[in-house]
Amino acid sequence: MADSSQLDLFTGAPSPTPTKGRRRGQGEPVGPAEQPDDVRALGERLPPALYLGTSSWTFPGWKGLVYDREATPARLSREGLAAYAQHPVLRTVGVDRTFYAPIPAATFAEYAAQVPPGFRFLVKAHEACTLARWPVHARYGDVRGQPNARFLDAAYAADLVVGPCVEGLGEKAGPIVFQLPPQDIQEFGGVGPFMERLHTFLAALPRGPLYAVEVRNEALMTEALGQLLADAGACPVLAVWKNLPPVERQTVRLRALQAPALVVRWMLPPNLDYEEARKRYFPFDRLVDEDTRTREGIARVATAALNLGRPVFATLNNKAEGSAPLSAIHLARSVISRTASSSAVTP
């Protein structure tokens, strides 16, 4: 989920444009922050198949961590991505705005033009694909509280989500994540009918892209779901979010190490909801509540996936520990330490 301060960007602001198109009077474009020697060295040691990143890139509090100057969220939305992509550790980023509304291929292409060849985007599918019923919230207008006819509609997803993403990002496209928020399972007709409908949905999507499914109802987080995703060639998302099991338990239940890639989204600490975490951690410029247990769990699973030859995509939210870029650095160190140990004992 995106910060409330970002929602205007996602729902009404012009699409980001490359740095060369910045507005007059803004001065020099936002550049990358200078990184300490140890962080640069860490980036050089990262396995090529490890894609660490954050949920979006539009946070002014990252001055000195990711960016070389203070800038508004709107300006960072337009020109921060090129600077973000020069961080030694950050090789992916979540495109969260697409959860609120689809964006055209041209906007994806503008994103792709601002990052190096080895960079990958994790794209969230429009929520219309994954809500059985529209929430009772003012932003849904006349449809709030009503059943959603586009729920798990493969034709809609192919046309409005998959097509623009693939066309615009090309080889820089990473996982397309279908995030199913917590919902009344009876809206699906129960667990069994949901599984059948999800399988039909995934089977009907265009072949080629890497699809990932994130569920936030623990009752759906079963071995049956893991087998279904494996049959469809899709990945489970290991979601670090309140009320969900630890990452390593999710890994076993969902058979995550058998998937084409490991996809992890670290969003919240176990004891705070979204708004509590946002208020506690703002402006996201330091680690406030380090969660070494979760970090080491992710590192263990990521190392196991890398050892099996699987790519790993892990995006971290500011609300996980206080500052996503710093969390990414600590996670990178843990993975490097474990991969080095694995290499040392390999015959």
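Visitor: Is the crossing of α4 and α5 left-handed or right-handed?

Guide: The crossing of α4 and α5 is right-handed. A crossing has this hand if the near helix is turned clockwise from the far one by less than a right angle, and is left-handed if anticlockwise. The model is predicted, so local features need pLDDT of at least 70 and side-chain atom pairs pLDDT 80 or more, while totals for chains, interfaces and linings use all residues. Residues are numbered from 1 along each chain as its sequence is written, and side-chain values rest on heavy atoms, without hydrogens or water.

Helix α4 spans residues 105-113 and helix α5 residues 154-169; helices are DSSP runs (H or I, at least four residues) and strands likewise (E, at least two), numbered from the N terminus. Their axes come within 7 Å and cross at roughly 35 degrees. An axis is a line fitted to C-alpha atoms, for helices over the stretch in contact, and angles run from 0 to 180 degrees between N-to-C directions.

On the α4 side, the contact (heavy atoms within 4.5 Å) is made by Ala105, Phe108, Ala109, Tyr111 and Ala112. Helix α5 contributes Pro164, Cys165, Glu167, Gly168 and Leu169. These residues divide into eight nonpolar, one polar and one charged. Here Ala, Val, Leu, Ile, Met, Phe, Trp, Tyr, Cys and Pro count as nonpolar, Asp, Glu, Lys and Arg as charged, and the others, Gly among them, as polar.

Phe108, part of this contact, also lines the second largest cavity. A cavity is a set of points on a 1 Å grid over the protein atoms alone where a 1.4 Å probe fits but cannot get out, and lining residues have an atom within 4 Å of a point.

Along with Phe108, the lining comprises Thr98, Pro102, Ile103, Val123, Lys124, His126, Leu160 and Val161. Two or more lining residues come from β3 (120-124), and likewise from α5. By class, the lining has six nonpolar, two polar and one charged residues.

Definitions and conventions:
On a 1 Å grid over the protein atoms alone, a cavity is a set of points where a 1.4 Å probe fits but cannot get out, and a pocket is an open set with protein on both sides within 12 Å along at least five of seven lines; lining residues have an atom within 4 Å of a point.
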